[in-house]
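Okay, thanks for coming, everyone. Let me put the structure up, and then I'll walk you through a few parts of it.

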Amino acid sequence: MKIFAYGIRDDEKPSLKEWEDAHPDVEVGYTEELLTPDSAKEAAGSDGVVVYQQLPYTRETLQALADQGIHQMSLRNVGIDNIDLDAAKELGFKISNVAAYSPNAIAEHAAIQLARVLRRSKELDAKVAKRDLRWAPTIGREVRMQTVGVVGTGRIGRVLIQILQGFGAKVVAYDIFKNPEIDKQGLYVDSLDELYAQSDVISYHVPSVKENIHMINKDTISKMKDGVVLVNVARGDLMDTDAVVAALDSGKVSGLVMDVYENEVGIFNEDWEGKKFPDARLDDLIDRPNVLVTPHTAFYTTKAVLEMVHQSFDAAVAFAKGEETRNAVKF
Ligand code: COI
(Lines give C-alpha, C1' and ligand atoms only; values in the text may rest on other atoms or scores of the structure.)
Protein backbone atom coordinates (compact mmCIF):
# COMPACT_ATOMS: atom_id res chain seq x y z
CA MET A 1 0.00 0.00 0.00
CA LYS A 2 1.21 3.50 -0.79
CA ILE A 3 0.16 6.77 0.83
CA PHE A 4 1.33 10.05 -0.64
CA ALA A 5 1.48 13.28 1.38
CA TYR A 6 1.43 16.87 0.11
CA GLY A 7 2.87 20.01 1.66
CA ILE A 8 5.16 18.19 4.08
CA ARG A 9 7.10 20.79 6.06
CA ASP A 10 10.49 20.30 7.69
CA ASP A 11 8.93 20.42 11.14
CA GLU A 12 6.70 17.45 10.20
CA LYS A 13 9.49 15.24 8.89
CA PRO A 14 10.55 13.73 12.27
CA SER A 15 6.92 12.74 13.03
CA LEU A 16 6.56 11.33 9.53
CA LYS A 17 9.77 9.31 9.93
CA GLU A 18 8.52 7.96 13.26
CA TRP A 19 5.24 6.88 11.65
CA GLU A 20 7.05 5.31 8.68
CA ASP A 21 9.35 3.34 10.98
CA ALA A 22 6.34 2.00 12.85
CA HIS A 23 4.59 1.00 9.58
CA PRO A 24 7.17 -0.82 7.41
CA ASP A 25 4.35 -2.36 5.34
CA VAL A 26 3.24 1.05 4.04
CA GLU A 27 5.16 2.85 1.32
CA VAL A 28 5.20 6.57 2.05
CA GLY A 29 5.80 9.19 -0.62
CA TYR A 30 5.72 12.91 -0.07
CA THR A 31 6.38 16.31 -1.55
CA GLU A 32 6.77 19.76 -0.05
CA GLU A 33 4.44 21.07 -2.76
CA LEU A 34 0.79 21.66 -1.93
CA LEU A 35 -1.93 19.65 -3.65
CA THR A 36 -3.13 21.34 -6.85
CA PRO A 37 -4.65 19.92 -10.04
CA ASP A 38 -1.08 19.82 -11.43
CA SER A 39 0.72 18.31 -8.47
CA ALA A 40 -2.05 15.69 -8.13
CA LYS A 41 -0.14 13.67 -10.75
CA GLU A 42 2.63 13.03 -8.24
CA ALA A 43 0.30 10.78 -6.26
CA ALA A 44 -0.03 8.35 -9.20
CA GLY A 45 -0.06 4.76 -8.00
CA SER A 46 -0.99 5.69 -4.43
CA ASP A 47 -3.95 4.40 -2.47
CA GLY A 48 -4.59 7.66 -0.70
CA VAL A 49 -3.33 11.18 -0.13
CA VAL A 50 -2.59 13.11 3.05
CA VAL A 51 -2.94 16.89 2.82
CA TYR A 52 -3.51 19.89 5.03
CA GLN A 53 -5.61 22.94 4.66
CA GLN A 54 -3.76 25.70 2.92
CA LEU A 55 -5.35 25.91 -0.52
CA PRO A 56 -8.93 25.37 -1.64
CA TYR A 57 -9.45 21.76 -2.74
CA THR A 58 -11.65 22.38 -5.75
CA ARG A 59 -13.61 20.04 -8.00
CA GLU A 60 -10.70 20.22 -10.44
CA THR A 61 -8.21 19.10 -7.80
CA LEU A 62 -10.45 16.27 -6.62
CA GLN A 63 -11.10 15.23 -10.21
CA ALA A 64 -7.35 15.11 -10.86
CA LEU A 65 -6.99 12.63 -7.99
CA ALA A 66 -10.06 10.63 -9.05
CA ASP A 67 -8.65 10.37 -12.59
CA GLN A 68 -5.82 8.36 -11.04
CA GLY A 69 -8.15 6.12 -9.10
CA ILE A 70 -7.63 7.97 -5.79
CA HIS A 71 -10.90 8.51 -3.95
CA GLN A 72 -9.74 9.28 -0.44
CA MET A 73 -8.19 12.31 1.19
CA SER A 74 -6.91 12.51 4.77
CA LEU A 75 -6.44 15.98 6.16
CA ARG A 76 -3.77 16.61 8.77
CA ASN A 77 -5.93 19.38 10.26
CA VAL A 78 -9.48 19.71 11.50
CA GLY A 79 -11.21 22.24 9.19
CA ILE A 80 -12.78 20.92 5.99
CA ASP A 81 -14.15 24.30 4.86
CA ASN A 82 -11.64 24.48 1.98
CA ILE A 83 -12.98 21.34 0.29
CA ASP A 84 -15.66 21.33 -2.41
CA LEU A 85 -17.75 18.78 -0.53
CA ASP A 86 -20.39 18.50 -3.27
CA ALA A 87 -17.69 17.48 -5.73
CA ALA A 88 -16.16 15.13 -3.15
CA LYS A 89 -19.53 13.45 -2.67
CA GLU A 90 -20.19 13.14 -6.40
CA LEU A 91 -16.73 11.70 -7.00
CA GLY A 92 -17.18 9.18 -4.19
CA PHE A 93 -14.43 10.50 -1.92
CA LYS A 94 -13.84 9.39 1.64
CA ILE A 95 -12.46 12.21 3.76
CA SER A 96 -10.89 12.20 7.20
CA ASN A 97 -9.60 15.02 9.36
CA VAL A 98 -7.78 15.14 12.67
CA ALA A 99 -10.55 16.38 14.87
CA ALA A 100 -8.56 16.56 18.09
CA TYR A 101 -4.84 16.86 17.42
CA SER A 102 -4.53 19.15 20.41
CA PRO A 103 -7.42 21.34 21.49
CA ASN A 104 -5.05 22.67 24.16
CA ALA A 105 -2.74 24.15 21.54
CA ILE A 106 -5.48 26.44 20.28
CA ALA A 107 -7.17 27.11 23.61
CA GLU A 108 -3.84 28.02 25.25
CA HIS A 109 -3.02 30.40 22.43
CA ALA A 110 -6.39 32.12 22.83
CA ALA A 111 -5.93 32.41 26.59
CA ILE A 112 -2.36 33.68 26.37
CA GLN A 113 -3.21 36.26 23.73
CA LEU A 114 -6.32 37.49 25.50
CA ALA A 115 -4.31 37.93 28.71
CA ARG A 116 -1.65 39.78 26.71
CA VAL A 117 -4.23 42.17 25.28
CA LEU A 118 -5.60 42.81 28.78
CA ARG A 119 -2.09 43.47 30.13
CA ARG A 120 -1.21 45.66 27.12
CA SER A 121 1.86 43.50 26.50
CA LYS A 122 2.44 44.70 22.94
CA GLU A 123 2.73 48.33 24.07
CA LEU A 124 4.82 47.36 27.10
CA ASP A 125 7.20 45.21 25.03
CA ALA A 126 7.64 48.09 22.55
CA LYS A 127 8.43 50.50 25.41
CA VAL A 128 10.92 48.10 26.99
CA ALA A 129 12.60 47.52 23.62
CA LYS A 130 13.17 51.32 23.48
CA ARG A 131 14.45 51.20 27.10
CA ASP A 132 11.44 53.18 28.30
CA LEU A 133 10.98 51.41 31.61
CA ARG A 134 8.22 53.56 33.09
CA TRP A 135 5.05 51.88 34.37
CA ALA A 136 2.52 54.38 33.04
CA PRO A 137 0.49 54.49 30.93
CA THR A 138 0.47 50.72 30.33
CA ILE A 139 -1.74 49.74 33.23
CA GLY A 140 -3.43 46.38 32.61
CA ARG A 141 -6.64 44.59 33.44
CA GLU A 142 -6.86 41.25 35.28
CA VAL A 143 -8.42 38.21 33.64
CA ARG A 144 -10.30 37.34 36.87
CA MET A 145 -12.13 40.66 36.72
CA GLN A 146 -13.60 39.84 33.29
CA THR A 147 -16.70 38.05 32.19
CA VAL A 148 -15.56 36.00 29.22
CA GLY A 149 -18.12 34.79 26.70
CA VAL A 150 -17.09 31.56 24.98
CA VAL A 151 -18.97 30.98 21.73
CA GLY A 152 -18.77 27.29 20.88
CA THR A 153 -18.18 24.64 23.51
CA GLY A 154 -16.58 21.90 21.45
CA ARG A 155 -13.21 20.53 22.49
CA ILE A 156 -11.33 23.82 22.10
CA GLY A 157 -13.98 25.97 23.76
CA ARG A 158 -14.13 23.60 26.72
CA VAL A 159 -10.36 23.61 27.29
CA LEU A 160 -10.42 27.41 27.12
CA ILE A 161 -13.19 27.49 29.73
CA GLN A 162 -11.02 25.39 32.09
CA ILE A 163 -8.04 27.69 31.59
CA LEU A 164 -10.15 30.81 32.14
CA GLN A 165 -11.65 29.32 35.28
CA GLY A 166 -8.09 28.71 36.49
CA PHE A 167 -7.49 32.44 36.09
CA GLY A 168 -10.67 33.08 38.10
CA ALA A 169 -12.66 34.67 35.26
CA LYS A 170 -16.44 34.46 35.15
CA VAL A 171 -17.33 32.41 32.07
CA VAL A 172 -20.59 32.44 30.15
CA ALA A 173 -21.02 30.18 27.14
CA TYR A 174 -23.23 29.71 24.13
CA ASP A 175 -23.61 26.79 21.77
CA ILE A 176 -26.49 25.36 19.76
CA PHE A 177 -25.28 21.93 20.94
CA LYS A 178 -25.13 21.93 24.72
CA ASN A 179 -22.28 20.02 26.34
CA PRO A 180 -23.49 18.21 29.51
CA GLU A 181 -20.43 19.22 31.58
CA ILE A 182 -20.76 22.88 30.72
CA ASP A 183 -24.52 22.68 31.23
CA LYS A 184 -24.02 21.11 34.68
CA GLN A 185 -21.85 24.07 35.62
CA GLY A 186 -24.68 26.41 34.58
CA LEU A 187 -22.48 28.38 32.18
CA TYR A 188 -24.84 28.52 29.21
CA VAL A 189 -26.81 31.64 28.43
CA ASP A 190 -29.90 31.30 26.27
CA SER A 191 -28.85 33.43 23.34
CA LEU A 192 -25.88 35.08 21.73
CA ASP A 193 -27.49 38.44 22.48
CA GLU A 194 -27.35 37.59 26.18
CA LEU A 195 -23.70 36.59 25.86
CA TYR A 196 -22.93 39.87 24.03
CA ALA A 197 -24.66 41.88 26.77
CA GLN A 198 -22.71 40.23 29.61
CA SER A 199 -19.21 39.70 28.20
CA ASP A 200 -16.14 41.90 28.56
CA VAL A 201 -14.21 39.48 26.33
CA ILE A 202 -15.70 37.21 23.66
CA SER A 203 -13.79 34.24 22.24
CA TYR A 204 -15.06 32.32 19.21
CA HIS A 205 -14.61 28.56 18.77
CA VAL A 206 -17.07 27.62 16.05
CA PRO A 207 -16.57 26.29 12.51
CA SER A 208 -16.87 28.23 9.29
CA VAL A 209 -20.29 27.01 8.24
CA LYS A 210 -22.64 29.29 6.33
CA GLU A 211 -24.66 30.25 9.43
CA ASN A 212 -21.48 31.56 11.09
CA ILE A 213 -19.98 33.60 8.26
CA HIS A 214 -19.55 37.21 9.45
CA MET A 215 -21.24 36.46 12.77
CA ILE A 216 -19.02 39.26 14.11
CA ASN A 217 -20.51 42.19 12.21
CA LYS A 218 -21.72 45.77 12.67
CA ASP A 219 -25.05 44.66 14.11
CA THR A 220 -23.72 42.05 16.54
CA ILE A 221 -20.89 44.35 17.67
CA SER A 222 -23.49 47.02 18.47
CA LYS A 223 -25.04 44.57 20.96
CA MET A 224 -21.73 44.04 22.78
CA LYS A 225 -20.40 45.96 25.77
CA ASP A 226 -18.42 49.12 25.08
CA GLY A 227 -14.71 48.28 25.12
CA VAL A 228 -15.24 44.56 24.46
CA VAL A 229 -12.16 42.47 23.58
CA LEU A 230 -12.64 40.00 20.70
CA VAL A 231 -10.69 36.79 20.22
CA ASN A 232 -10.84 34.91 16.92
CA VAL A 233 -8.55 31.92 16.66
CA ALA A 234 -11.15 29.91 14.73
CA ARG A 235 -11.79 31.03 11.15
CA GLY A 236 -11.21 34.37 9.44
CA ASP A 237 -14.61 34.52 7.80
CA LEU A 238 -16.43 34.55 11.15
CA MET A 239 -15.44 38.19 11.31
CA ASP A 240 -16.47 41.06 9.03
CA THR A 241 -13.05 42.64 9.25
CA ASP A 242 -14.21 46.09 8.04
CA ALA A 243 -16.83 46.17 10.80
CA VAL A 244 -14.22 45.24 13.41
CA VAL A 245 -11.77 47.87 12.13
CA ALA A 246 -14.54 50.51 12.43
CA ALA A 247 -15.28 49.31 15.97
CA LEU A 248 -11.58 49.47 16.89
CA ASP A 249 -11.48 53.03 15.52
CA SER A 250 -14.48 54.08 17.60
CA GLY A 251 -13.23 52.29 20.74
CA LYS A 252 -16.32 50.03 20.85
CA VAL A 253 -13.82 47.16 20.56
CA SER A 254 -10.84 47.83 22.82
CA GLY A 255 -8.69 44.89 21.81
CA LEU A 256 -8.52 42.15 19.22
CA VAL A 257 -6.80 38.81 19.04
CA MET A 258 -6.76 37.39 15.53
CA ASP A 259 -4.96 34.23 14.52
CA VAL A 260 -7.04 33.98 11.38
CA TYR A 261 -8.02 36.47 8.71
CA GLU A 262 -10.68 36.31 6.05
CA ASN A 263 -8.13 36.94 3.27
CA GLU A 264 -5.30 34.89 4.76
CA VAL A 265 -4.83 32.43 1.87
CA GLY A 266 -1.60 33.33 0.09
CA ILE A 267 -0.60 35.83 2.82
CA PHE A 268 -0.13 33.78 5.97
CA ASN A 269 2.78 31.34 6.21
CA GLU A 270 4.84 33.49 3.79
CA ASP A 271 7.79 35.79 4.53
CA TRP A 272 6.95 39.38 3.50
CA GLU A 273 10.05 40.98 4.99
CA GLY A 274 11.49 43.44 2.47
CA LYS A 275 8.63 42.86 0.04
CA LYS A 276 5.50 44.86 -0.75
CA PHE A 277 2.87 43.74 1.73
CA PRO A 278 -0.22 42.67 -0.22
CA ASP A 279 -3.03 43.72 2.13
CA ALA A 280 -3.28 47.29 3.45
CA ARG A 281 -6.03 46.48 5.96
CA LEU A 282 -4.02 43.66 7.53
CA ASP A 283 -0.91 45.84 7.49
CA ASP A 284 -2.79 48.44 9.53
CA LEU A 285 -4.13 45.86 11.99
CA ILE A 286 -0.65 44.42 12.57
CA ASP A 287 0.59 47.91 13.53
CA ARG A 288 -2.13 48.62 16.07
CA PRO A 289 -1.01 48.40 19.71
CA ASN A 290 -4.26 46.77 20.86
CA VAL A 291 -4.40 44.15 18.10
CA LEU A 292 -2.46 40.89 18.26
CA VAL A 293 -2.14 39.22 14.87
CA THR A 294 -0.62 35.77 14.53
CA PRO A 295 -0.50 33.96 11.16
CA HIS A 296 -2.80 30.99 11.90
CA THR A 297 -0.28 29.52 14.33
CA ALA A 298 -2.55 28.75 17.29
CA PHE A 299 -2.37 25.09 16.28
CA TYR A 300 1.39 25.09 15.80
CA THR A 301 2.91 23.08 18.67
CA THR A 302 5.13 20.01 18.69
CA LYS A 303 2.35 17.86 20.18
CA ALA A 304 -0.22 19.05 17.64
CA VAL A 305 2.07 18.52 14.64
CA LEU A 306 2.92 14.98 15.77
CA GLU A 307 -0.75 14.07 16.21
CA MET A 308 -1.68 15.67 12.88
CA VAL A 309 0.85 13.56 11.01
CA HIS A 310 0.30 10.29 12.85
CA GLN A 311 -3.52 10.42 12.95
CA SER A 312 -3.88 11.46 9.30
CA PHE A 313 -1.65 8.62 8.08
CA ASP A 314 -3.52 6.15 10.34
CA ALA A 315 -6.80 7.29 8.79
CA ALA A 316 -5.43 7.06 5.23
CA VAL A 317 -4.37 3.46 5.87
CA ALA A 318 -7.74 2.60 7.43
CA PHE A 319 -9.56 3.98 4.38
CA ALA A 320 -7.26 2.06 2.03
CA LYS A 321 -7.95 -1.16 3.94
CA GLY A 322 -11.70 -0.46 3.99
CA GLU A 323 -11.61 -0.19 7.79
CA GLU A 324 -13.42 2.22 10.08
CA THR A 325 -11.60 5.27 11.39
CA ARG A 326 -12.81 7.59 14.15
CA ASN A 327 -11.47 10.47 12.06
CA ALA A 328 -13.77 9.84 9.06
CA VAL A 329 -15.78 12.96 8.24
CA LYS A 330 -19.51 12.63 7.58
CA PHE A 331 -20.52 15.00 4.81
C1 COI B 1 -7.20 23.35 11.36
O2 COI B 1 -6.78 22.34 11.93
O3 COI B 1 -8.28 23.34 10.74
C4 COI B 1 -6.40 24.57 11.39
O5 COI B 1 -6.96 25.62 11.37
C6 COI B 1 -4.91 24.42 11.35
C7 COI B 1 -4.27 24.68 10.03
C8 COI B 1 -3.07 23.80 9.81
C9 COI B 1 -5.15 24.64 8.85
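Before I point at anything, a quick word on patches: they're made of residues with over 30% relative accessible area and no salt bridge, where like charges are joined within 9 Å and nonpolar side chains (Val, Leu, Ile, Met, Phe, Trp, Tyr) within 5 Å. The salt bridge in there is a side-chain nitrogen of Lys or Arg within 4 Å of a carboxyl oxygen of Asp or Glu. Areas come from the Shrake-Rupley method with a 1.4 Å probe, and for residues only the protein chains shown count as cover.

And please keep in mind that this is a predicted model: local features need pLDDT of at least 70, side-chain atom pairs count only at pLDDT 80 or more, and totals for chains, interfaces and linings use all residues. Residues are numbered from 1 along each chain as its sequence is written, and side-chain values use heavy atoms, with hydrogens and water left out.

So, the patch. Leu124, Val128 and Leu133 make a nonpolar one on the surface, with about 260 Å² of accessible area together. Val128 sits in helix 5, residues 121-129; helices (H or I, at least four residues) and strands (E, at least two) are DSSP runs, numbered from the N terminus. Val128 is partly exposed at 39% relative accessible area, where buried is under 20%, exposed is over 50%, and partly exposed is in between (1.4 Å probe, protein chains only).

Move on to the loop between helix 5 and strand 6, and you'll find Arg131. Arg131 isn't a glycine, yet has a positive phi of about 65°, and at 65% relative accessible area Arg131 is exposed. Pro137 is in the loop between helix 5 and strand 6 (147-151) too, and the peptide bond into Pro137 from Ala136 is cis, with omega near 5°.

Now the sheet. What order do the strands come in? It's an open sheet of 5 strands, ordered 2-1-3-4-5, with parallel pairing; two strands pair if DSSP finds at least two bridges between them. At the edges are strand 2 (27-30) and strand 5 (94-96), each pairing on one side only. From one strand to the next, the twist averages 20°. Angles run from 0 to 180 degrees between N-to-C directions, and axes are lines fitted to C-alpha atoms, for helices over the stretch in contact. Strand 4, residues 72-75, pairs with strand 5 over 3 bridges, and Ser74 has Ser96 in strand 5 as its bridge partner. Helix 12 (residues 302-321) packs on this sheet, touching strands 1, 2, 3, 4 and 5, and its direction makes about 160° with that of strand 4. Contact there means heavy atoms within 4.5 Å.

Last topic, charges. The structure holds 24 salt bridges. Arg9 pairs with Glu12, closest N and O atoms 3.7 Å apart. Arg9 counts as buried at 15% relative accessibility, and so does Glu12 at 1%. Lys13 bridges to Asp10 at 2.9 Å; here Lys13 is partly exposed at 24%, whereas Asp10 is exposed at 57%.

Then there's Lys223 with Asp193, at 3.4 Å. That pair links distant parts of the chain, 30 residues apart: Lys223 is in the loop between helix 9 and strand 9, and Asp193 is in helix 8. Finally, salt bridges that share partners join Arg9, Asp11, Glu12 and Arg76 into one network.
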